[in-house]
Amino acid sequence: MTEPISKNDYVEPMRTALAAASKAGEAGDVPVGALLLDASGAVVAVDRNRREEFRDPTAHAEMLVLSFRAREIGDWRLTGHTLVVTLEPCPMCAGAAVWSRLDRIVYGAPDPKAGAAWSLYNIPQDRRLNHRIDLIDGVLGEESTQLLEDFFSNKR
């Protein structure tokens, strides 16, 4: 039997996602960073929100890493992959995670206004859909929340 998965297993990947999120904030976008781990735990894609840079409402960090990896392997099915993201995915990103057949989503901060992986909805585990995803929340959640709070307090 395999060892249960612990939040501690994702601390280092989340630090990488937080570094990407910081770059998004520096570029004037909401500071969200994401990465994908393959089945062996290797980081295979890292990106950040780029909505402002690309002038594209779909350029969320999660969407960018999913698209990159799908193109890289030549398949939209990302079975065996884990999405690590600093903020709970929105409905668009949670839906894309389901359609791409991810195994797991790990996130830092909850999103009470738009979260679709527990806060408002639970798209990744909705039994009406054809695929369900394991969820792990709160990995470096305080750091993720602080980054967002600092960004928005500087905007005001």
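This briefing walks through the pockets, the nonpolar cores and a few individual residues of the structure above. Please keep in mind that the model is predicted. Its largest pocket holds about 540 Å³ of space, and its largest nonpolar core has 31 residues.

**Pockets**

- The largest pocket has 21 lining residues, and those nearest its centre are V30, L87, D111, L148 and F152.
- Helix α5, which covers residues 141-155, contributes four residues to this lining, the most of any element.
- Sorted by class, the lining of the largest pocket has eleven nonpolar, three polar and seven charged residues.
- The second largest pocket has a volume of about 160 Å³. Its lining is made of 13 residues, with Y10, L37, D38, G41 and T82 closest to the centre.
- In the lining of the second largest pocket, six residues are nonpolar, three are polar and four are charged.

**Nonpolar cores**

- As background, nonpolar side chains in soluble globular proteins tend to be buried together.
- Within the largest nonpolar core, the residues with the most contacts are L36, L83, L102 and I105.
- Two or more residues of this core come from each of β1 (33-37), β2 (43-48), α3 (61-73), β3 (82-87), α4 (91-99), β4 (104-109) and α5. Helix α4 gives the most, with five residues.
- What does L102 touch, leaving aside its neighbours within four places in sequence? The contacts of L102 are L36, L66, L78, H81, L83, A97, H131, R132 and I133.
- Another core lies apart from the largest one; it has twelve residues, including Y10, M14, L18 and L140.

**Helix α3 and L66**

- Helix α3 has 13 residues and reaches 19 Å from its first C-alpha to its last, close to the 18 Å expected at 1.5 Å a residue.
- The buried residues of α3 are A61, E62, M63, L64, V65, L66, R69 and A70. Their cover includes β1, β2, α2 (51-54), β3 and α4.
- L66 is part of helix α3. L66 counts as buried because its relative accessibility is 7%, and the cut-off for buried is under 20%.
- Beyond its neighbours within four places in sequence, L66 is in contact with L36, L78, A96, A97, S100 and L102.
- L66 and A96 are 30 residues apart in sequence, with 8.0 Å between them in space, C-alpha to C-alpha.
- After α3 comes G74, which has a positive phi near 70°.

**Helix α4 and R101**

- In α4 the buried residues are C93, A94, G95, A96, A97 and V98, and they pack against α3 and β4.
- R101 follows α4 and is found in the loop between α4 and β4.
- Phi of R101 is positive, near 65°, in a residue other than glycine.
- Which residues does R101 contact, leaving aside its neighbours within four places in sequence? R101 is in contact with W76, R77, L78, T79, N130 and H131.
- R101 and R132 are 31 residues apart in sequence, and 7.9 Å apart in space from C-alpha to C-alpha.

**W118 in its loop**

- W118 lies in the loop between β4 and β5 (134-136).
- W118 has a positive phi near 140°, and this is a residue other than glycine.
- Is W118 buried or partly exposed? Its relative accessibility is 39%, so W118 counts as partly exposed.

**A109 in strand β4**

- A109 is placed in strand β4. With a relative accessible area of 1%, A109 is buried.
- Not counting residues up to four places away in sequence, A109 touches T86, L87, E88, G141, S144, T145 and L148. Two of these, L87 and L148, are also among the residues nearest the centre of the largest pocket.
- A109 and V85 are 24 residues apart along the chain, and their C-alpha atoms are separated by 8.8 Å.

How values were computed:
Residues numbered from 1 in each chain as written. Predicted model: local features only at pLDDT ≥ 70, side-chain atom pairs only at ≥ 80, totals over all residues. Heavy atoms only, no water. 1 Å grid on protein atoms, 1.4 Å probe; cavity = no way out; pocket = protein on both sides within 12 Å on 5 of 7 lines; lining within 4 Å. Points joined across faces, edges and corners; volume = space filled by probe spheres on them. Nonpolar A, V, L, I, M, F, W, Y, C, P; charged D, E, K, R; others polar. Core = buried A, V, L, I, M, F, W, Y, C linked by side-chain atoms within 4.5 Å. Buried < 20%, exposed > 50% of the residue type's maximum accessible area, 1.4 Å probe, protein only. Contact = heavy atoms within 4.5 Å. Expected span 1.5 Å × (residues − 1).
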